[in-house]
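Have the viewer open while you go through them.

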Amino acid sequence: MLNVNNIEVVYNDVILVLKGLSLHVEEGQVVALLGSNGAGKSTTLKAVSGLLRPDDGEITDGDITFMGERIDRKDAADIVKSGIFQVMEGRRVFKDLTVEENLIAGAYTQKSSTIKTNIDRVYHYFPRLQERRNQVAGYMSGGEQQMLAIGRALMASPRMVLMDEPSLGLSPLLVKEIFSIIKMMNEEEKTTILLVEQNANMALSASHYGYIMENGRIVLDGPSSELKENDDVKEFYLGVTGQKSFREVKHYRRRKRWLS
Amino acid sequence: MELFFQLVITGIVIGSIYALLALGFTLIYKATDVVNFAQGELLLVGAYICLHTTVTYNVPFIAAFFLTLVFTFLMGFCIEKIFLRRMIGEPIISIIMLTIGLSSVLRAIVTIIWGTDTLTFPEVFSQAPIVVFGLSISQVYIYSIFAVAIFLGLFTIFFKKSKVGVAMRAVASDQQAALSMGIDVKRIFALSWAIAAVVSAVGGIFLANINGVNTSLSHFGLKVFPVVILGGLDSIIGAIVGGLIIGILENLAGGYIDPLIGGGAKELFPFVIMIVVLMIKPYGLFGTVEVEKV
């Protein structure tokens, strides 16, 4: 469905952030994109959704196709119309608009007649938003703002949602809730999801396929269930080291084998 | 006491026109972060266009009024597309200089076409005053208050209820997030200029009916600064309330202080208010200090 083919992204004409990154997302899947800080995960999502320009970034090489159509030269607005919607990092709700106005803004690309039914659909999934429909979004709790950000995505009836760290800054209970929402979106709304996460454990449990990024490249990929069993992933992303006796461990860290 | 009420009513009329101008100013500032020094010239152009269509082509006033709105809408749209689109991302001082330049150019064009003499509308509104509670009020005042109220009401509904209006506020709130939901930010920018030009033209047309038109009408553009500072730079309600307050206070100052000191207080007073507001309440009455989650 989505094909990112060997792209390079440069910020400010000099900083090369993505160095030939490729990935592929099948229709109907949840695909996780993992990696440490600064690996280029958010940049990858922005390259797909066309949001690099405000950050002074540019795709200098490679191409991105969505449903067989090239989108790497398109405007952000056209990309949303073609069915890709990004839920940005840090929620980014419109703070001085009410909940309902936020939802209406999310439906900008939709026909006016469908807005009402879409709002009802969002309220059906998130009853808490309905209770607060006239409240100013900036005063809501982090979890509610994340629900609003996801609800805003639902308003556009996208075929594919790009989620940038939906669990950022939320309590473990809320993280669980957000992931169950992601699952629900995938199963009930048939939305394909590309998920960027720091919380590798949750992301691998919720996804079908996973990519691991480092320094602007994909270094490892595979079905999420296999990645979860990979020793390197366990050590560096999941923090599971098994019953290791520290007395016997040598005083150097395990080497990442994919770097050789 | 009668003088007081007369002054207040004149103040409301002038103030409501300030409110319109300030609405345009706020709209541009909120959506595009541009401080527009050419607001008064947009008013000037609107007033002249309407006058020209009524006088030269004998178009009925109402038709000329709406033609002017269409014309100024397109003009605002083009100004943004031709001049300001290129300035996105440039330093704020360059953009301010551009709008100052724009104001001179627009005023010059108006002078070239229509000259500097004061022109007056043919009698559109009957001269016979209407007497309300013992106060005689000229009809044009009544009409302009109603027209301005209707326009402000329409825009309030537009910003609250319509998809495009909400999108405009979304752009003002967080541009990149707005972009991420497919809102065409460039079009919203152009639209803010278009609407700002339209509301200014409405103000200009009514001012022209009250006082006649000459290029000094553009000085109204400067009064927009005390208004928006008082109301809060980024608040639409603030623009309306600020406009009315400044209009009324200015006229009261003109009526009561001017005779004592021999004139000038009326022109000065709004700016005194502006300085005082800046010192004690820099965000104005309704300006957002920044919504912060606690």
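1. Cavities. The count comes to 1 cavity of 30 Å³ or more, and about 50 Å³ of space lies in the largest cavity. A cavity here is a set of points, on a 1 Å grid over the protein atoms alone, where a 1.4 Å probe fits but cannot get out, and lining residues have an atom within 4 Å of a point. Grid points are joined across faces, edges and corners, and the volume is the space filled by probe spheres set on them. Helix H1 (2–32) and helix H6 (163–173) of chain B are the elements that give two or more residues to the lining of the largest cavity. Its lining includes Leu27(B), Phe159(B), Met168(B), Arg169(B) and Ile236(B). By class, that lining has 6 nonpolar, no polar and 2 charged residues (nonpolar: Ala, Val, Leu, Ile, Met, Phe, Trp, Tyr, Cys and Pro; charged: Asp, Glu, Lys and Arg; polar: the others, Gly among them).

2. Ground rules. This is a predicted model, where local features need pLDDT of at least 70 and side-chain atom pairs count only at pLDDT 80 or more, while totals for chains, interfaces and linings use all residues. Residues are numbered from 1 along each chain as its sequence is written, chains are lettered from A and ligands numbered from 1 in the order in which they are written, and side-chain values use heavy atoms, with hydrogens and water left out.

3. Helix H10 of chain B. Helices are DSSP runs of H or I with at least four residues, strands are E runs of at least two, and both are numbered from the N terminus. The expected span of a helix is 1.5 Å times one less than its number of residues. For the 21 residues of H10(B) (236–256) that gives 30 Å, and the end C-alpha atoms are 30 Å apart, which agrees. At the helix start, a side-chain oxygen of Ser235(B) comes within 3.5 Å of the backbone nitrogen of Ile237(B).

4. Helix H7 of chain A. Its 17 residues reach 24 Å from first C-alpha to last, close to the 24 Å expected. Buried residues (under 20% relative accessible area; exposed is over 50%, partly exposed in between; 1.4 Å probe, protein chains only) include Val175(A), Ile178(A), Phe179(A), Ile182(A) and Met185(A). An α-helix has 3.6 residues a turn, so residues three or four places apart point the same way. Among the elements covering the buried residues of H7(A) are strand S3 (30–35), helix H4 (112–125) and helix H6 (142–155) of chain A.

5. Positive phi. Most residues other than glycine have a negative phi. Asp56(A) has phi near 65°; Asp56(A) sits in the loop between helix H1 (41–49) and strand S4 (57–66) of chain A and is partly exposed at 47%. Glu165(A), with phi near 50°, is in the loop between strand S7 (160–164) and helix H7 (172–188) of chain A. Is Glu165(A) buried or exposed? Glu165(A) is buried, at 5% relative accessible area. Lys190(A), which follows H7(A), also has a positive phi, near 55°.

6. Phe85(A). This residue lies in strand S6 (84–87) of chain A and counts as buried at 1% relative accessibility.

Technical notes
A polar contact is a pair of N or O atoms within 3.5 Å; within protein, one must be able to donate a hydrogen and the other to accept it, and residues adjacent in sequence count only if both atoms are side-chain atoms. On a 1 Å grid over the protein atoms alone, a cavity is a set of points where a 1.4 Å probe fits but cannot get out, and a pocket is an open set with protein on both sides within 12 Å along at least five of seven lines; lining residues have an atom within 4 Å of a point. Contact means heavy atoms within 4.5 Å.
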